[in-house]
Amino acid sequence: MLGRLNHVAIAVKDIAVAIRTYRETLGAEISEPQDLPEHGVRVVFVTLPNTKIEFLEPLGAASPIAKFLEKNPDGGMHHLCYEVGDILAARDALIAGGLRILGDGEPKIGAHGKPVLFLHPKDCLGTLTELEEV
Ligand code: CO
């Protein structure tokens with residue numbers, strides 16, 4: 001079911017600081033910031049040769065990463081994203097295997113314009129796990 005590691009996401013309080021650190025200090029190639037109101041985040045992607053790093057900054061008062069940043073004020077690793085070929089087939093197989101899908105269980109459109117789902121971290125080794133259809 002699982003394909004490539006699409007990205008590792010890091011929650012940050014200040015995306016400008018994160019961009020500066022990665023661009024100027026680590027010499028990374030970084031996308032333009034993108035607001036995703038439906039997900040309550042502003043994102044940028046760092047392009048690496050084999051995968052991407054996603055920085056997430058809270059967008060709006062009800063951002064799902066606000067609580068995470070309260071607990072992790074310096075920021076921290078927030079989730080992993082794996083690619084799948086058929087997100088609905090993957091979802092149904094995971095539910096049949098006893099895993100929980102966050103939200104209403106229906107895929108939303110993610111930062112790459114493709115359908116995404118999140119699995120409950122308690123069912124995935126304590127790690128919030130995203131699936132993206134590619
Ligand atoms: Co993500």
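1. A salt bridge is a side-chain nitrogen of Lys or Arg within 4 Å of a carboxyl oxygen of Asp or Glu. In this predicted model, Arg4 and Glu83 form such a pair, their closest N and O atoms being 3.7 Å apart.

2. A search of the whole structure finds 6 salt bridges. One of them joins the side chains of Arg42 and Glu57, with 3.0 Å from N to O. This pair links distant parts of the chain, with Arg42 in strand β4 and Glu57 in strand β5, 15 residues apart. Arg42 is partly exposed, with a relative accessible area of 27%, while Glu57 is buried at 11%. Asp35 is linked with Arg42 and Glu57 in a network of salt bridges.

3. Helix α3 (residues 87-96) has Ile87, Ala90, Arg91 and Leu94 as buried residues. Seen down the axis of α3, the buried residues fall within an arc of 100 degrees, so they line one face of the helix. An α-helix has 3.6 residues a turn, so residues three or four places apart point the same way. The buried residues of α3 pack against β6 (76-84), β8 (115-119) and β9 (129-133).

4. Arg91 is buried, with a relative accessible area of 12%, and its side chain meets that of Asp92 in a salt bridge of 3.1 Å, N to O. Asp92 is partly exposed, at 41%.

5. The two ends of α3 may be described together. At its start, a side-chain oxygen of Asp86 reaches to within 3.1 Å of the backbone nitrogen of Leu88. The helix is followed by Gly98, whose phi is positive, near 95 degrees.

6. Thr51 is found in the loop between β4 (41-47) and β5 (52-58), and counts as buried at 11% relative accessibility. A polar atom of the Thr51 side chain lies 2.9 Å from the backbone oxygen of Leu5; for the backbone oxygen of Asn6, the distance to a polar atom of that side chain is 3.1 Å. Leaving aside residues up to four places away in sequence, Thr51 touches Leu5, Asn6, His7 and Val46.

7. Leu125 lies in the loop between β8 and β9 and is exposed, with a relative accessible area of 85%.

Terms used. Residues numbered from 1 in each chain as written. Predicted model: local features only at pLDDT ≥ 70, side-chain atom pairs only at ≥ 80, totals over all residues. Heavy atoms only, no water. Buried < 20%, exposed > 50% of the residue type's maximum accessible area, 1.4 Å probe, protein only. Helix = DSSP H or I, 4+ residues; strand = E, 2+ residues; numbered from the N terminus. Arc of directions from axis to C-beta. Contact = heavy atoms within 4.5 Å. Polar contact = N/O pair within 3.5 Å; in protein donor to acceptor, adjacent residues only side chain to side chain.
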